Amino acid sequence: MSDRVADDAISLVRRLTRHLNRKVSDIVLLLLNHKSAGSLGAVAGLAIAVVFTWKFLRSPPDRERRRTPKRSVLPSANGGPSSGVAAEDPPTVPNLRDSDGVQESGSPYELGLGQIVRKRLGGCRKVTCQLLGVILEEKNPEDLQKHATVRPSVVEVLQEITKCCDFYLMERVLDDESEERVLSAMENAGLFGSGGLNRDKVLFCGTENGRISFVRQIEADWHIDSNLDIISQLSRFIRCQLYISSDDLGQIAPNVITSTSLEQYLSQIS
């Protein structure tokens, strides 16, 4: 509507300008018929005034509206406005001191096991874990020469770990038959295939130092072990470690926490 009004105004100004030009031409012609110097000076002054008036009237009004771009405002973490560009969240380092940290995001009825596991692991990429005393019921390599049994309570937690991390299991064994017993027990527990665990990522060695070498070569972000000596040797190389012990000692180093079991720590909500 405003553009139509502006066009009508411009058209009216142009008609008035043409009419004024005709009138000025008649006046100039009349004055030229009288050859006096005063008349010529008046004609020159009138011509200059007409030219400036015509230029002023001819310039159309600026119809283009300048629009100031709006900056999108995103809410900040404290509820107030922040800049329009959303910053990317840095990798999360889990707070090992807070054993109840999972509760901050919701109650047990709001968070599933997968969400709790991911929050506990703090967005890590690679996890390494000992088998004896953590995944298996057996406590030493000699037991594996007789039998191997996967702890039922850990199966679901292991499946959730494999969904969010590159997961490696490892153990010291005394013979090839022990390896076969362990792999067979894990397969019977449904950990391979649809369980998400890769059979090729179950590693065996002949010494405890071999397990340390595995962890360092993999460059794990998290390591889980029941041997305190290995935990101590790896503490300066690994970002976070979980020490499995019958005594829950809490956090024993800046990057080491203890728990009575893997599933107790990774699914703990109270």
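Here is a short walk through the cysteines, the aromatic rings and the charges beside them in this structure. Keep in mind along the way that the model is predicted.

Let us start with the cysteines. A disulfide is a covalent bond that joins the sulfur atoms of two cysteines. How many disulfides does the count come to here? The count comes to zero.

Next come the aromatic rings. Two rings are described as a pair by how far apart their centres are and by the angle of their planes. In this model the count comes to one aromatic pair. Its partners are Trp-222 and Tyr-265, with 6.0 Å from centre to centre and 40 degrees between the planes, so the pair is classed as tilted. Where do the two partners sit in the chain? Trp-222 is in strand E4 (residues 222-225) and Tyr-265 is in helix H9 (residues 262-266); at 43 residues apart, they link distant parts of the chain. Trp-222 is buried, with a relative accessible area of 1%, and Tyr-265 is buried as well, at 3%.

Finally, look for charges placed over rings. The charged end of Arg-216 sits over the ring of Phe-237, 3.7 Å from the ring's centre. Lys-201, in turn, lies over the face of Tyr-168, at 5.2 Å from the ring centre.

Key:
Residues are numbered from 1 along each chain as its sequence is written. This is a predicted model: local features need pLDDT of at least 70, side-chain atom pairs count only at pLDDT 80 or more; totals for chains, interfaces and linings use all residues. Side-chain values use heavy atoms; hydrogens and water are left out. A disulfide is a pair of cysteine sulfur atoms within 2.5 Å. Rings of Phe, Tyr and Trp (its six-membered ring) pair if their centres lie within 6.5 Å; planes under 30 degrees apart count as stacked, over 60 as edge-to-face and the rest as tilted. Helices (H or I, at least four residues) and strands (E, at least two) are DSSP runs, numbered from the N terminus. Buried means under 20% relative accessible area, exposed over 50%, partly exposed in between (1.4 Å probe, protein chains only). A charge sits over a ring if NZ of Lys or CZ of Arg is within 6 Å of the ring centre and within 35 degrees of the ring normal.
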